[in-house]
Amino acid sequence: MKIIAVGRNYAAHARELNNPVPGQPVIFLKPDTAALKDNRPFYLPDFSADIHYELEVVLKISREGKHIAEKFAHNYYEELGLGVDFTARDIQAKHKEQGLPWELAKAFDNSAAISPFLPKSGIPDIYGIHFDLQINGETRQQGNTANLLFSFEHIISFVSRYITLKKGDLIFTGTPEGVGRVQQGDHLEASLNGTQLLSFDIK
Ligand code: MG
């Protein structure tokens, strides 16, 4: 299983980090060791003083594919969930400044919190999904997939030109605005269309 992630897929988030709105998807990977499941706590790592949350809709790939045409891409995922793309923003900022890859800021152990998945067939409008993140009971991020720059189908098609998608792979589809730092003792809860899917602690 691999985790593929899209950066800057909501214009308001690109702007809040002073990044240009991209002309094609910005892609990076996280290894399987990044997966944090079953609402287990996230332990702040010692190498960063600025770990950010990024709540994202996550697609679960349901069959193998390469060079998937956009018009058939909807056949390659049957379930959606939520994830938190934990990011060491201090390391990422330094690496961006130096033109270096982002892996140390994005791919570390447990950097991808992943919820249970819901069947796509039970979601009335894939491009009208409301999702939100509460920290200690306060809403910190709210997004709607209506505002995606690149659709799920476009992402699947684009990535599969370069990287074969396999059953069980996960795609983090980008975060809306409102990212920020997590602190020891924080409690995170995230919902998709009002259904709570994540509830875990920062330690
Ligand atoms: Mg992200």
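**View A. Ile 51 stands opposite Ala 88 of strand 7.** This is a predicted model, where local features need pLDDT of at least 70, side-chain atom pairs count only at pLDDT 80 or more, and totals for chains, interfaces and linings use all residues. Residues are numbered from 1 along each chain as its sequence is written, and side-chain values use heavy atoms, with hydrogens and water left out. Strand 4 (residues 51–53) runs antiparallel to strand 7, and two bridges join them. Strands here are DSSP runs (E, at least two residues) and helices are too (H or I, at least four), numbered from the N terminus; two strands pair if DSSP finds at least two bridges between them. The open sheet has three strands in the order 7-4-13, with antiparallel pairing. Strand 7 (87–88) and strand 13 (180–181) sit at the edges with a single partner strand each, so one side of each has no neighbour in the sheet.

**View B. Glu 54, Glu 56 and Asp 85 coordinate the magnesium ion.** The OE atoms of the two Glu residues and OD of Asp 85 sit at 2.0 to 2.1 Å. Donors are N, O and S atoms within 2.8 Å of the metal (3.2 Å for Na, K and Ca), and water is not among the atoms, so sites may look incomplete. Along the chain, the donors follow the spacing E-x1-E-x28-D. Glu 56 belongs to strand 5 (residues 55–61) and Asp 85 to strand 6 (residues 77–85), so this pair, 29 residues apart, links distant parts of the chain.

View C. On a 1 Å grid over the protein atoms alone, a cavity is a set of points where a 1.4 Å probe fits but cannot get out, and lining residues have an atom within 4 Å of a point. Grid points are joined across faces, edges and corners, and the volume is the space filled by probe spheres set on the points. By this rule, one cavity of 30 Å³ or more turns up. Its lining has 18 residues, with Gly 7, Arg 8, His 13, Glu 54 and Lys 106 nearest the centre. Strand 1, helix 1 (11–16) and helix 2 (89–97) each give two or more residues to that lining, and helix 2 has the largest share, three residues.

**View D. Thr 145 sits in the loop between strand 11 (138–144) and helix 4.** Thr 145 is buried, with a relative accessible area of 1%. Leaving aside residues up to four places away in sequence, Thr 145 touches Tyr 10, Val 57, Ile 126, Tyr 127, Gly 128, Ile 129, Phe 131 and Phe 152; contact means heavy atoms within 4.5 Å. Helix 4 (residues 152–160) is mostly covered, with eight of its nine residues buried. Those buried residues pack against strand 1 (3–7), strand 2 (26–30), strand 5, strand 6 and strand 12 (170–172).

**View E. Strand 10 (residues 130–135) and strand 11 run antiparallel, joined by six bridges.** Asp 132 stands opposite Gln 142 of strand 11. The hairpin has two residues between the strands, and Asn 136 takes a positive phi near 50 degrees. Phe 131, found in strand 10, is buried, with a relative accessible area of 1%. Phe 131 and Pro 176 are 45 residues apart in sequence but 9.6 Å apart in space, C-alpha to C-alpha.

Note on methods: Buried means under 20% relative accessible area, exposed over 50%, partly exposed in between (1.4 Å probe, protein chains only). On a 1 Å grid over the protein atoms alone, a cavity is a set of points where a 1.4 Å probe fits but cannot get out, and a pocket is an open set with protein on both sides within 12 Å along at least five of seven lines; lining residues have an atom within 4 Å of a point.
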